[in-house]
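Have the sequence and the 3D view at hand, and try each task before you read its solution.

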Amino acid sequence: MTLATDFRPRHSRLYRLRRAYFASPLTGLVTLLSVAILAWLAWIVLDWTVLQATFDADANQAICAERAGACWSVIANRWRIILFGLYPLDEQWRAGVACAVVALVIVLSCLPLMWRFSRLALVWVLGTAVFYTLMRGGIFGLVPVNEQQWGGLPLTLFIFVATGILGMPLAIGLALMRRSELPVIARVSGWIIDTIRSLPLLAILFTCAIVLPFMLPGFLIGEKLYRVIFGAALFFAAYQAEIIRGGFQGIPRGQEEAAKALGLGYWQRMGKVVLPQAFRLALPATINQFVIAFMETSLVVVVGFMELLAASNTAFRTGEWRFAYIEVYVFISAIYFAFVFGLSRYGAWLEARMSAGQRKD
Amino acid sequence: MMKPILLSTVSLGALALSSLAAQADQGDTLRTVQERGSLNCPGDVGSYLGFAEVDDNGVWRGIDIELCRAMTSAIFGDPSHANIVPIDWAQRWPALQSGDIDIVIKASGGTRSRDTELGLQFSMSYYLGTTKVMGHAELGLETLADAAGGSICVPASTSTERQVSSYLEANGIEMEIVAIERNEEVEAAYFSGRCDTYAQWGPVLAIAASQSDDPSAHVLLPDVLALEPEVMIARQGDDNWIDIANWTLSALLFAEQEGITSENVDEIRQNPPTAEIGRFLGATPGLGAGLGLSDDWAYNVISQVGNYSEIFERSLGMESPYQMPREMTALWNAGGVLFPLVFD
């Protein structure tokens with residue numbers, strides 16, 4: 001409970017600043033030193049990325065070498081490869097629109113307004129359908145583009161989103177099974193989770209892409225991309241199931257017993273009492289898991305997909321631009337950063353919002 | 001080829017399974033390819049400059065890609081049926097065995113273990129790759145032995161690393177081996193002066209030297225650490241398929257030997273100087289029947305893709321940014337070791 005009145009005296013911002021950073025000569029010194037180092041680093045970065053950089057799209061290695069900074073010409077010339085991989089040049093507007101659709105769907109489903117099962121389902125089904133139609137083509141007069149030609153940002157987003165959509169329900173299922181009262185179910189689920197967690201993601205992806213086709217009957221093999229997404233989703237689910245189980249353990253037993261006493265059935269208890277609370281408790285770890293899943297999309301390069309990271313490698317692996325790999329890496333780090341930072345800030349906001357009713361002082 | 005075998009364990013496990021399954025499913029590769037309407041070859045984002053790379057418009061370039069286009073032209077009469085599938089190093093053998101790709105043309109050498117243990121089959125060599133060493137000119141090195149006591153940068157966990165250590169051991173040279181994972185980083189380490197010398201697959205080394213800020217500051221040492229003949233690789237057991245690969249390569253080399261280029265091929269076909277060339281270009285019948293191809297398949301290859309020299313110059317040679325000389329990869333009558341089979 002917060003006290004109704006705060007009796008502590010209010011101070012000016014300057015006073016607080018002075019007390020925090022310049023309380024003693026030593027603190028003052030440390031503060032000044034840190035500020036100096038930070039300013040120096042910031043200057044180096046600014047100098048390299050902007051002041052000394054070459055922005056001319058027609059520049060080449062020799063021209064860039066005359067200035068000490070970054071050579072952004074590589075981005076100007078190769079951005080299509082970085083963002084869209086080997087997606088056919090004339091059709092890249094489709095990949096661009098598809099990216100925007102996914103981004104829109106993600107933003108929409110982050111809005112509390114949309115948090116109804118029906119609305120979320122509608123947005124996702126529609127979004128996925130539009131994305132797939134645009135990317136794959138073959139109808140409405142769009143030229144068909146094979147999954148193997150997908151690349152860059154749309155592929156990264158697609159793998160990430162599909163991993164989440166498949167992985168989350170799977171995780172909930174596994175977590176619920178693991179706390180089942182039937183020992184067989186609980187133990188089987190435990191075994192599944194522990195087996196998957198004991199394998200590296202790389203090995204799972206490789207198995208799904210390369211080994212599975214030898215073991216499955218023909219009609220089950222499907223496109224390599226979907227097998228890989230399935231593998232990534234399994235991996236995601238195993239970790240996320242444990243995170244949810246952690247959430248379950250934070251809920252007092254009395255909650256579920258009370259729900260039982262009120263005559264709620266299993267699904268009502270889970271859906272209305274247990275899971276919402278478990279998710280709230282597990283939120284920080286869940287956001288973390290999503291961030292990891294986003295980063296791990298880059299692993300699909302080992303099975304030959306040209307996602308964002310691989311596409312950017314392709315961008316500088318050519319005679320003209322081989323010297324400019326740092327610029328390309330900086331460019332895609334900015335893309336990754338934008339996504340992950342957005343995700344983290346959203347997580348923090350969500351946490352604040354969800355715990356609003358429970359704040360303890 | 002000498003590239004990271006990061007996933008070798010997993011891929012070998014996959015292969016153990018795959019070779020079993022693949023034995024049953026070899027069939028007639030040519031027919032499979034014709035029915036599918038495309039020849040699937042590997043492309044790689046981590047391959048070597050000049051062998052497989054992507055231009056500004058997202059089109060694959062490089063000698064490996066051109067060979068795939070040549071084979072596609074032989075089969076379909078048109079290189080646009082080539083389908084370049086991005087495939088990682090570790091994945092090329094399982095992908096070949098599983099039928100995802102029809103042939104591996106990926107700067108890969110013909111080795112005993114690949115032939116006998118992985119169940120593969122090779123064409124003749126289309127490129128001879130040597131592992132060499134480059135050093136800073138200011139050190140005044142003449143051979144690698146002069147660099148004794150110094151350091152050598154090598155790409156980590158590649159066959160280059162093994163070749164370097166066995167060469168040093170065999171010649172009693174003591175050097176500090178600095179193994180670094182990524183190619184860009186190995187190069188950066190050498191150019192920044194972290195190492196005295198830099199060992200790498202020949203073409204990569206030559207390109208690195210020629211494109212450095214000051215090419216004259218580096219010398220290529222005469223030591224040859226290893227030789228690897230790069231070949232086209234197919235599944236064992238489809239003799240006609242490897243024949244097609246071999247005769248496509250021979251056609252490229254024969255055309256170069258006879259001075260037939262994509263420019264003058266039509267002219268020569270109208271007026272073949274010999275009966276041999278007349279048959280070669282499909283002016284008289286007889287070339288394709290034995291392979292299951294059309295009689296003008298060689299004409300299609302040369303007119304659509306060009307001869308070996310044209311391919312080389314576009315990819316690695318004087319018309320490319322890399323300006324590499326042919327050297328060993330020249331024809332037999334120009335001081336090299338490549339030769340066509342006889343088109344009798």
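**Exercise 1.** At what angle do helix α4 (residues 73–84) of chain A and helix α15 (residues 325–354) of chain A pack, and how far apart are their axes?

Before we start: this is a predicted model, in which local features need pLDDT of at least 70 and side-chain atom pairs count only at pLDDT 80 or more, while totals for chains, interfaces and linings use all residues. Residues are numbered from 1 along each chain as its sequence is written, and chains are lettered from A and ligands numbered from 1 in the order in which they are written.

*Solution.* 
- Step 1: α4(A) and α15(A) pack at about 55°, with axes 11 Å apart.
- Step 2: The pair is therefore oblique, the class left over once angles under 35 degrees (roughly parallel), over 145 (roughly antiparallel) and 65 to 115 (roughly perpendicular) are set aside.
- Step 3: The crossing of α4(A) and α15(A) is right-handed.
- Step 4: A:V74, A:I75 and A:I82 of α4(A) meet A:E327, A:V328, A:F331 and A:I332 of α15(A), where contact requires C-beta atoms, placed from the backbone, within 7 Å.
- Step 5: Those contact residues divide into 6 nonpolar, no polar and 1 charged.

**Exercise 2.** Is helix α8 (residues 202–210) of chain B largely enclosed or open?

*Solution.* 
- Step 1: Apply the burial test: a residue is buried if 20 or more other C-beta atoms lie within 10 Å of its own.
- Step 2: The residues of α8(B) that pass are B:G202, B:P203, B:V204, B:L205, B:A206, B:I207 and B:A208.
- Step 3: With 7 of its 9 residues buried, α8(B) is largely enclosed by the rest of the structure.
- Step 4: The cover over these buried residues includes β5 (120–136), α7 (183–191), β8 (197–201) and β9 (218–220) of chain B.

**Exercise 3.** How many helices and strands does chain B have, and what share of its residues is buried?

*Solution.* 
- Step 1: Chain B has 13 helices and 10 strands.
- Step 2: Of its 344 residues, 49% are buried.
- Step 3: The C-alpha atoms of chain B fill a box of roughly 65 × 50 × 40 Å along the principal axes.

**Exercise 4.** Which element of chain B gives the most to the side that touches chain A?

*Solution.* 
- Step 1: 29 residues of chain B are in contact with 28 residues of chain A.
- Step 2: Elements giving two or more residues to this side of chain B are α1 (8–24), β2 (53–54), β4 (82–86) and α4 (92–98).
- Step 3: α1(B) gives the most, with 5 residues.

Key: Buried ≥ 20, exposed ≤ 12 C-beta atoms within 10 Å, placed from the backbone. Helix = DSSP H or I, 4+ residues; strand = E, 2+ residues; numbered from the N terminus. Contact = placed C-beta atoms within 7 Å. Axes fitted to C-alpha atoms, helices over the stretch in contact; angles between N-to-C directions. Left-handed = near helix turned anticlockwise from the far one by under 90°. Nonpolar A, V, L, I, M, F, W, Y, C, P; charged D, E, K, R; others polar.
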